[in-house]
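Colleague: I am new to this structure and should be grateful for a guided introduction. Would you take my questions in turn?

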Amino acid sequence: MLESEITRERSEIDRLRQEIRALLNSLLGTAGVPPIEAPPAHPAQIAPIRRRSWSQIAATREAEAARQSYTRDQSAHPPRNS
């Protein structure tokens with residue numbers, strides 16, 4: 001009984017997603033924006049997102065800040081031609 005209910009609810013969710021996508025594409029078309037492509041039919045086909053630890057996130061942010069700082073310094077002080 002529960003499995004049939006889950007199947008029924010999943011089909012209802014799919015139907016609602018299609019309806020929402022159609023409405024969104026209608027609004028986007030009115031604005032002159034190309035329609036959004038439909039995602040894969042089953043969420044299992046989507047690759048899982050790799051979760052990162054806070055230390056990995058901090059290291060990524062630090063590296064990006066250093067890269068931006070270096071770029072800013074290079075544009076502020078261009079090398080001299082001899």
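Modeller: A polar contact is a pair of N or O atoms within 3.5 Å; within protein, one atom must be able to donate a hydrogen and the other to accept it, and residues adjacent in sequence count only if both atoms are side-chain atoms. This is a predicted model, in which local features need pLDDT of at least 70, side-chain atom pairs count only at pLDDT 80 or more, and totals for chains, interfaces and linings use all residues. Residues are numbered from 1 along each chain as its sequence is written, and side-chain values use heavy atoms, with hydrogens and water left out.

Colleague: How many helices and how many strands are there in the protein?

Modeller: Helices (H or I, at least four residues) and strands (E, at least two) are DSSP runs, numbered from the N terminus. Helix 1 covers residues 2–30, and helix 2 covers residues 54–76. The count for the protein is 2 helices and 0 strands.

Colleague: What distance separates the end C-alpha atoms of helix 1?

Modeller: The expected span of a helix is 1.5 Å times one less than its number of residues. Helix 1 has 29 residues, so a span of 42 Å should result, and the model agrees: its end C-alpha atoms are 42 Å apart.

Colleague: Which residue with a positive phi follows helix 1?

Modeller: The phi in question is near 85 degrees. The residue that follows helix 1 with this positive value is G32.

Colleague: What percentage of the residues of the protein count as buried?

Modeller: Buried means under 20% relative accessible area, exposed over 50%, and partly exposed in between (1.4 Å probe, protein chains only). The protein has 82 residues. Of these, the share that counts as buried is 4%.

Colleague: Which residue forms a salt bridge with R15 at 3.1 Å?

Modeller: A salt bridge is a side-chain nitrogen of Lys or Arg within 4 Å of a carboxyl oxygen of Asp or Glu. R15 lies in helix 1, and its side chain makes a polar contact with that of E12 at 2.7 Å, a pair that also meets in a salt bridge. At 3.1 Å between the closest N and O atoms, the partner of R15 is E19.

Colleague: Why can R15 and E19 be described as about one helical turn apart?

Modeller: An α-helix has 3.6 residues a turn, so residues three or four places apart point the same way. Because R15 and E19 are 4 residues apart in helix 1, their separation is about one helical turn.

Colleague: What is the relative accessibility of E19?

Modeller: E12, at 37%, is partly exposed, and R15 counts as partly exposed at 40%. E19 likewise counts as partly exposed. Its relative accessibility is 41%.

Colleague: Which residue meets R67 in a salt bridge?

Modeller: R67 is partly exposed, with a relative accessible area of 48%. The side chains meet at 2.5 Å, N to O, and the partner is E64. Salt bridges that share partners, by contrast, join one network of E12, R15 and E19.

Colleague: Which backbone nitrogen does the side chain of N25 reach?

Modeller: N25 is found in helix 1. Contact means heavy atoms within 4.5 Å, and, leaving aside neighbours within four places in sequence, N25 is in contact with P35 and I36. The backbone nitrogen that its side chain reaches, at 2.7 Å, is that of I36.
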